[in-house]
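Hi,

Here is the structure I promised to pass on. Please have a look at it, and below you will find my notes.

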Amino acid sequence: MDAVQTASRQRSKQGYAGSGLTGLVVRITLLGVVAALAVWAVLPLIGARSWIGVGVVAAATALLFWIYLSPNRRLPLKYLIPGTLLLIAFQIVPVLYTLSTSVTNFGDGHRGDKDEAIVSIETASITQVPGSPEYDLAIAADGEDALVFILSDPASGKYWAGNAEGLRDLAPTDVQKGLSGKITEAEGYTILTAAEAAERSQEITDLAVPVDGGGIRANGLSRAFQGTSARAYDEGCDCVRDAVTGQVWTADPGHGYFTDAAGESLPQGWQVSVGADNFTRVITDDKVRGPFLSVLWWNFAFAIISVLVTFVLGLLCAIALHKERLRFKALYRTLMVLPYAMPAFAMLLIWRDMFNQDFGLINTMFGLDVGWFSNPWTARFAVILVQLWLGFPYMFLVSTGALQSIPTETLEAAKIDGATGFQAFRRVTLPLLLVSLTPLLIMSFAFNFNNFNAIQLTTGGGPFEAGNSTVGGTDLLITYTYRLAFGGQGAEYGFAASVSVFIFLIVATVSAIGFRVTRNQEEVYR
Amino acid sequence: MRVKIAGVAVAAALALAVSGCGSDDKKDDGAQGSEPGLVIWADDKRAPVLESFRSQFESELGVTIKVEAVSKDLQANFVTASQGDNAPDVVIGAHDWIGNLVQNGAIDPVQLTDAQKAGFNPDALKAVTYNGQVYGAPYAVENLALIRNTDLAPEAPSSIEDMVADAEKLKKDGKTEELLSLQVGDNGDAYHAYPLYASAGGYLFGQKDNGDYDPADLGVGKPESIEAFEKISELGKKGVLKTSIGSENSIPLFTEGKTAYLVSGPWAVGDIKKAGVNYDITPIPGFEGMGKATPFLGVQSFFVASKGKHKTVAQEFVANYVTGEPLATALYNADPRPPALTASFDKVKATDPDLAKFAEAGAGAPPLPAIPEMSAIWDPFGKAESAIVGGADVTETVEGAATTIGDAIKK
């Protein structure tokens, strides 16, 4: 006993010593990559003055260095930390982001903040002053490198230089024109090239040379126009006023819109927090709540049946190919896995075309005239069939693996005890298989519960009953809410996020129950 | 020893990090010199066309240009990019995006001179005008028409009834298998259904005095719309419209000679020519004794992004360069869609007789509504069409669709 222990200790010591140099090199390289990533991530954060982000990156980097540079005492952490970080990055952060989105009105028309909405409203209301001249423009800089518009009116032959203070007349002799009529030189100013002007784009956009009745603004690099902004934001009343019509739109901070007295809103809104509004809408709005239950039962049925049929077929195939003396076993296995190797996206579209009533392969081949996607039950059958074809290779693979891990002695023992083949399968093989496969089945359930592509790309949720275009016969919660959130006036991410939270709760509950059952099973068969 | 390892590791890691950002900096410096002066986004069909003009643009505008192809969801990607820091300067898209792009503050109005405005097809200019402002420089106009196989059907039909009678005869004689190829699909297609709906008296939105669509006046669910769908229902019962004909098979049915009539747009012509089918293009016939079957007008335009980094160059490009005849003609030569610029249209008309025919089929066509409320119509309207073609009760279906659309708009 002692000898064995010593030997193993020695081996571990040797192993540690042996990996010393390579280990160190690997460690240094990886930590170097971590540090480089951290620097790469921090620079834009510093630029954006997001000090919290900088703090998080610094803390995470320091943690990683501390763990991997300290002695073996923290060995468990070394294994745990990569997984934990990935879990945080790819699971917890998205869930938190979805949660934070679900309490806002984020969506089309409510994407930016209020200032952006105001800029957008004011820009959209700039119009050319009627009857004002069209100017030819050259963009120039004065002695202090400040921006100047060199303007000319081809109709009157006059020239000006304009900056934020106003217009100044230029003598025609001070200006040189090129062959194309473009101003190439102006006394006292440097004409900018297009590339130079492009770099000062923001400055040019912001410059409006004040004149009576508006400002002269650049329209591109070679023309200018005299424009006025009809609508302007007034901080005093927190409203937007139209100077031409006198209309007033007051800010509505609850909804993120400027609304006039008649309840009409300007299209450009901004993102605001709406509290639990999105959640109350899911629960109280008849349009959402009504079909929720009818969609829910089919959603469960679809997920459970998809898992069951693919599992049964996959398992049967695995058992059939598990025979020791079967010839061409590798060939059969390859053929069996083929559907799994093809891109599901394309296959779903091909299956959709195969179910076409008049031109589809299935009706043509069997001489049928079934409108597969026009009756809810045939449509449901069809989507399950597609799922079966797409999904059984996966089940076949995992079942084959699990079957091969069951020791033959166990089955021989059962045989000696007098069990028939079926009894041995039912009482010995299947329970042992399920212990290792149930977690995969639960995962498969969770995946199919939200299998958006399987429905959207085949039936599109249809068939739809007459007079009801919101919920179809094969709609899953995810396809149904997709239509609700993105089918109206543009995308409503806030609302979609709140429905996702509900779906998340359902799937999480079902998975938690499933895993609990598995754990009990494991204890029984241990 | 341990401290030493740690020290070495930290030093090495930092060195690596520093060398990493060192090269980063260098790359930034290099990029500064070659940073594009203008970034253009287009879908994957148009991007190569623009790319082929890139060097010409560059030498004439005097800035470097980068053309990027966005193959999927260009509009959604553009809106998302506009929120962040990656917005392009110019985007090419359909005019019916304008409503959504404006409410998201993604595009700016384009200031055109009166002379420039006069150069455009007035319908195209009307299509890109939204809330009284011109939001894009139109470059191509497209609409649906009736394309017929002249070997099978030498005469252009005067009405739908006329066309159905001829088609039924062809089918009875075993020359064709389908009466008409007009895409419906399992979930309907409002764009392709609209000409029939319009001919039978239906409308989607009423128009305000200034010609803008009025979202408060929804035509779906009005008695006219139910009557219009009754006519569509009849066509469904006769097998003229079928849910089994969708976007994936409508053009192949025609090119394979399985039907003599196809309702489609300029994008179908390439396939038809390749298949060697003799064809003619005429206006979509209306129902006998009813209105004209006017299709929707779609206008491809150049937009100036609000959040682009080189807005002045973008304005120069869109307002002063795209509006010129040489570029419009060149774009047509690369991708034959009817130019929106009258001068360019007249120039290529002589060599391409299809152009004038499509334009004739689109005479009087209303522009596709650009108001954001339109997106609430597509899905329910299409589904109602599909259900009705499949034999569902008309009144119940249309009223149901009207409720769905109304709810989505009110919200």
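The contact between the chains draws on 67 residues of chain B and 63 residues of chain A; please bear in mind that this is a predicted model. On the chain B side, the elements that each give two or more residues are α1 (2-34), α5 (98-103), α13 (311-321), α17 (375-389) and α18 (394-410). The largest share comes from α1(B), with 13 residues. By type, this side of chain B splits into 25 nonpolar, 25 polar and 17 charged residues.

Within chain A, have a look at the pair formed by α8 (residues 286-320) and α12 (residues 376-405): their axes are 6 Å apart and the helices pack at about 50°, which makes α8(A) oblique to α12(A). Their crossing is right-handed. From α8(A) the contact includes I305(A), V309(A) and F311(A), and from α12(A) it includes I384(A), L388(A) and F392(A). Overall, this helix contact has 13 nonpolar and 7 polar residues, and no charged ones.

β14(A) (residues 248-252) pairs with β15(A) over 3 bridges, and A251(A) has F258(A) in β15(A) as its bridge partner.

Best wishes

Note on methods:
Residues numbered from 1 in each chain as written. Chains lettered and ligands numbered in written order. Predicted model: local features only at pLDDT ≥ 70, side-chain atom pairs only at ≥ 80, totals over all residues. Contact = placed C-beta atoms within 7 Å. Helix = DSSP H or I, 4+ residues; strand = E, 2+ residues; numbered from the N terminus. Nonpolar A, V, L, I, M, F, W, Y, C, P; charged D, E, K, R; others polar. Axes fitted to C-alpha atoms, helices over the stretch in contact; angles between N-to-C directions. Parallel < 35°, antiparallel > 145°, perpendicular 65-115°, else oblique. Left-handed = near helix turned anticlockwise from the far one by under 90°. Pairing = 2+ DSSP bridges.
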